[in-house]
Amino acid sequence: MYKSSRKKVCISFDWHNDRDYRHLMSAWIANPNNTIDFDDLTPGAIDTNDISRVKGVLTTQIRAATHTLVLIGAYANTKHSDSDKIGTRNWIWWEIEQSKIEGNKLIAVKLKSDNPTPDPLFNSGAKWAMSFTQDAIFKAINEA
């Protein structure tokens, strides 16, 4: 089976607190002059509270991706009110863990340098972008 070398990236982020950063990334990606060539497989807003449905949508996208980019905001380690149903601390942790299961390469960037690293990223071999800038993130994606 032929597999393209073009990277397929799913972006993990806190929808409630960090979606503005995600929207900024969408603008970067849409710019025809950007220096990165990858397919953005991040799902849009998943309009449901059904944990199984959310997991299904996220799993499909993570499986289709070759890489997972984790945007680490101030609340990346905050316990979600449905953490028992999610099966881990929050959705970001779940997406990191699922990405590791699926064999995706991990890329991480802290939105602010003092944001705490989510535990599942430790010893994961993640490639780190040095800052939340277009150049730093695209460089990390290119190198991952």
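**View A. The outward face of helix H2 in this predicted model.** Turned away from the buried side of H2, this face carries the exposed residues Ser52 and Arg63. The helix itself runs through residues 51–64, 14 residues in total. From first C-alpha to last, H2 reaches 20 Å, close to the 20 Å expected at 1.5 Å a residue.

**View B. The buried side of H2.** Here you can find Ile51, Val54, Leu58, Thr59 and Ile62, the buried residues of this helix. They sit on the same side of H2 because they cover an arc of only 130 degrees around the axis. As a handy reminder, an α-helix has 3.6 residues a turn, so residues three or four places apart point the same way. The cover over the buried residues of H2 includes strand S1 (7–12), along with helices H3 (83–86) and H4 (91–102).

**View C. The N-terminal cap of H2.** Look for Asp50, which caps this end of the helix. One of its side-chain oxygens lies 3.0 Å from the backbone nitrogen of Ser52.

**View D. Asn77 in its loop.** This residue belongs to the loop between strand S3 (67–72) and H3. Asn77 counts as buried because its relative accessibility is 18%, with the cut-off set at under 20%. Leaving aside residues up to four places away in sequence, Asn77 touches Arg89, Asn90, Trp93, Pro116, Thr117, Pro118 and Asp119.

**View E. Asn77 with Pro116 and Ile92.** The Asn77 side chain reaches the backbone oxygen of Pro116 at 3.4 Å. Asn77 and Ile92 are 15 residues apart along the chain, and 8.2 Å separates their C-alpha atoms.

Conventions:
Residues numbered from 1 in each chain as written. Predicted model: local features only at pLDDT ≥ 70, side-chain atom pairs only at ≥ 80, totals over all residues. Heavy atoms only, no water. Helix = DSSP H or I, 4+ residues; strand = E, 2+ residues; numbered from the N terminus. Expected span 1.5 Å × (residues − 1). Buried < 20%, exposed > 50% of the residue type's maximum accessible area, 1.4 Å probe, protein only. Arc of directions from axis to C-beta. Contact = heavy atoms within 4.5 Å. Polar contact = N/O pair within 3.5 Å; in protein donor to acceptor, adjacent residues only side chain to side chain.
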